[in-house]
Amino acid sequence: MTRETVNDTLNKMFSLENKVILMTGAAGEIGSEIAKCYANLGAKVVIADFNETAMEAVKGEIREAGGECLTLKLNLPDEESIDSVVSATLEKYGRIDVLANIAGINKRTLMTDGSEETFDRIIGVNLKGAYLISIKVAKEMINLNETLPEDKKVRLSIMNVASYNSVMMLGGNSVYGMSKSGVAAMTRSQAIEWAKYGFRSNALTPGHISTRLTSQLWDDPYYSKYMLDRIAMARPGYPSDMLGMAVLIASDASAYMSGQLCIVDGGCLAGGQPWEI
């Protein structure tokens, strides 16, 4: 087997060349790593985020590496903002092959200390925002496909980002867990309702990931031990650990996969570290 044969096989399965990928929340640590990876595999990446400074930094890295990137301001779950982002993407590229719903926020608080404002904000960004932009993109691609021959139709792949908290809960993460459980249910609904259009939906589902936003937990002896004891691989996950699954979901390699929670958690939900026998 020659190197060229291996490369050709991998390229045929996993290439994102010329795919238009609209990504919400891709200015964050996990999203930006995925965006750079997609661009390196030939995708035309559209980053939609509220943090314009961070977006420009990611775009600079992508373009410096020879990739293609467009940045657009997005305020979730505002429908006018969503419509503007989708319209601008279609005006630039004419189609959307992949929608990556990565945007997410959290505020750790006990349920008894919760508020309507906190609930509405977290649910609004994490669930309602993903719900509304998915519908907008799906409708646009359904309409577009009515004008295209069969071999040119868009086979939309949606990658929602769920969480360990879609399945298991942690104290103080109640509203976040509700939102991500909703994302998991939304993913299954999208999969069954939109399959007839040739669309797929799957959820990238991270476990305990080490980022700047979670550093206070990983730096705390009690919380870090709690998490590590429950991870079979006995280490944190990192944004780079999400790349393989993110590419699989976006690429044609997953053409028969839909409605799945694609869990990347170091063996946490499998049962964590075993007892010593």
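Figure 1. Let's begin with a term used below: helices are DSSP runs of H or I with at least four residues, numbered from the N terminus. This is a predicted model, and a search of the whole structure turns up 2 cavities of 30 Å³ or more. The close-ups that follow visit each in turn.

**Figure 2. The largest cavity and its lining.** About 60 Å³ of space lies inside the largest cavity. Its lining is made up of Thr24, Leu76, Asn101, Ala103, Val125, Asn126, Gly129, Ala130, Asn160, Val161, Lys180 and Val183. Two or more of these residues come from each of helix 5 (116-145), strand 5 (157-161) and helix 6 (174-194).

Figure 3. Helix 5 gives the largest share of the lining, 4 residues. Sorted by class, the lining of the largest cavity holds 6 nonpolar, 5 polar and 1 charged residues.

**Figure 4. The second largest cavity and its lining.** Around the second largest cavity you will find Asn106, Lys107, Thr109, Thr118, Ile122, Gly172, Asn173, Ser174, Val175 and Tyr176. Helix 5 and helix 6 are the elements that give two or more residues to this lining.

**Figure 5. Helix 6 at the second largest cavity.** With 3 residues, helix 6 supplies the largest share of the lining of the second largest cavity. By class, the residues lining the second largest cavity split into 3 nonpolar, 6 polar and 1 charged.

Conventions. Residues numbered from 1 in each chain as written. Predicted model: local features only at pLDDT ≥ 70, side-chain atom pairs only at ≥ 80, totals over all residues. Heavy atoms only, no water. 1 Å grid on protein atoms, 1.4 Å probe; cavity = no way out; pocket = protein on both sides within 12 Å on 5 of 7 lines; lining within 4 Å. Points joined across faces, edges and corners; volume = space filled by probe spheres on them. Nonpolar A, V, L, I, M, F, W, Y, C, P; charged D, E, K, R; others polar.
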